[in-house]
Amino acid sequence: FLNLTTMKKICFMAALAAMTAFASCEKYEDGKLGKHTRVEFATMYPSAKDVEWDYEQGYWVASFETGMRPDVKEHEAWYDASGNWVMTKTDVLLTDVPQNIKDALAADPVYGKAPFEDYDADYVQTPSGEFYRFDILMGGREVYVDVSADGTVTLASFPF
C-alpha cells in the first residue's frame, strides 16, 4: 500500500496534469489557439505576465503586462491564423512619446492642430517597422494617425 506522502504526491501530479491538459486545449468561439502561436508568443515575450488571449477580427491577440510596479507596461501582441506575429502595441503616455515624434505630428498641415482623444498613444512594432499611433478628433470623429521614426505622418493603415 502507498503511504500518505506518496498519495499526496500522486494526487498533486494528477491535478497538475489535468490543469495542463485543460490549458493546452483552451477553446474560443472561433477555434483553438494553436501551439505555434503559443510558442511564438512565449519566445518573443518570456517575461510576459497576466496573459489573456482573445480572437479578434481574424487574429489571435495576447494582452499582457511586462515590468514591475510602478513601471508596468501594457501590451497586445497580434498573430495571424497561422501563428505568425503581425504586430505588438504598447500603451505609452503622451508625455513619454519622443519629442521628435510629437514635433512631426504638430507640424503636419492636416493633423497637426487636431486635439488628442486620449492621454496616451500606442507604440506599434510590426515586421516592416515601428511607429506611434495617435487617436485624434477631426470633424467630431476619432481618427487614427501614425507617425514613423523619420517623422512621416499618415492616416492609419489598419483600424486596430
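Modeller: Start with Phe 134. Phe 134 is buried, as its relative accessible area is 1%. Buried means under 20% relative accessible area, exposed means over 50%, and partly exposed lies in between (1.4 Å probe, protein chains only).

A word on the source. This is a predicted model, in which local features need pLDDT of at least 70 and side-chain atom pairs count only at pLDDT 80 or more, while totals for chains, interfaces and linings use all residues. Residues are numbered from 1 along each chain as its sequence is written, and side-chain values use heavy atoms, leaving out hydrogens and water.

Now the rings. A search of the whole structure finds 10 aromatic pairs. Rings of Phe, Tyr and Trp (its six-membered ring) pair if their centres lie within 6.5 Å; planes under 30 degrees apart count as stacked, over 60 as edge-to-face, and the rest as tilted. One of these pairs joins Phe 41 and Trp 53. Their centres are 5.4 Å apart, with 75° between the planes, and the pair is edge-to-face. Phe 41 sits in helix H2 (residues 35-44) and Trp 53 in strand E3 (residues 49-56), so this pair ties together parts that are 12 residues apart in sequence. Both Phe 41 and Trp 53 are buried.

Your pair contrasts in its angle. The rings of Phe 116 and Phe 134 have centres 5.8 Å apart and planes at 45°, so the pair is tilted. Phe 116 is in the loop between H3 and E7, Phe 134 is in strand E8, and the pair links these distant parts of the chain, 18 residues apart. Helices (H or I, at least four residues) and strands (E, at least two) are DSSP runs, numbered from the N terminus. Phe 116 has 39% relative accessibility, so it counts as partly exposed.

Helix H3 spans residues 99-107, and its residues Ile 101, Ala 104 and Leu 105 are buried. Seen down the axis of H3, these buried residues fall within an arc of 95°, so they line one face of the helix. The arc is that of the directions from the helix axis to the C-beta atoms. An α-helix has 3.6 residues a turn, so residues three or four places apart point the same way. The buried residues of H3 pack against strand E8 (129-138), strand E9 (141-148) and strand E10 (153-155). Contact means heavy atoms within 4.5 Å.

Val 92, in strand E6 (residues 85-93), is buried at 13% relative accessible area. Leaving out residues up to four places away in sequence, Val 92 touches Val 97, Asp 120, Ala 121, Tyr 123 and Tyr 132. Thr 126 belongs to strand E7 (residues 120-126). Thr 126 is buried too, at 15%. Not counting residues up to four places away in sequence, Thr 126 touches Trp 85, Val 86, Met 87 and Phe 131.

Finally, the whole chain. There are 3 helices and 10 strands. Buried residues make up 31% of its 160 residues. Mean pLDDT, the predictor's confidence in each residue from 0 to 100, is 84 for the chain, and 79% of residues reach 70 or more. Take care with residues 10-29, where pLDDT stays under 50.
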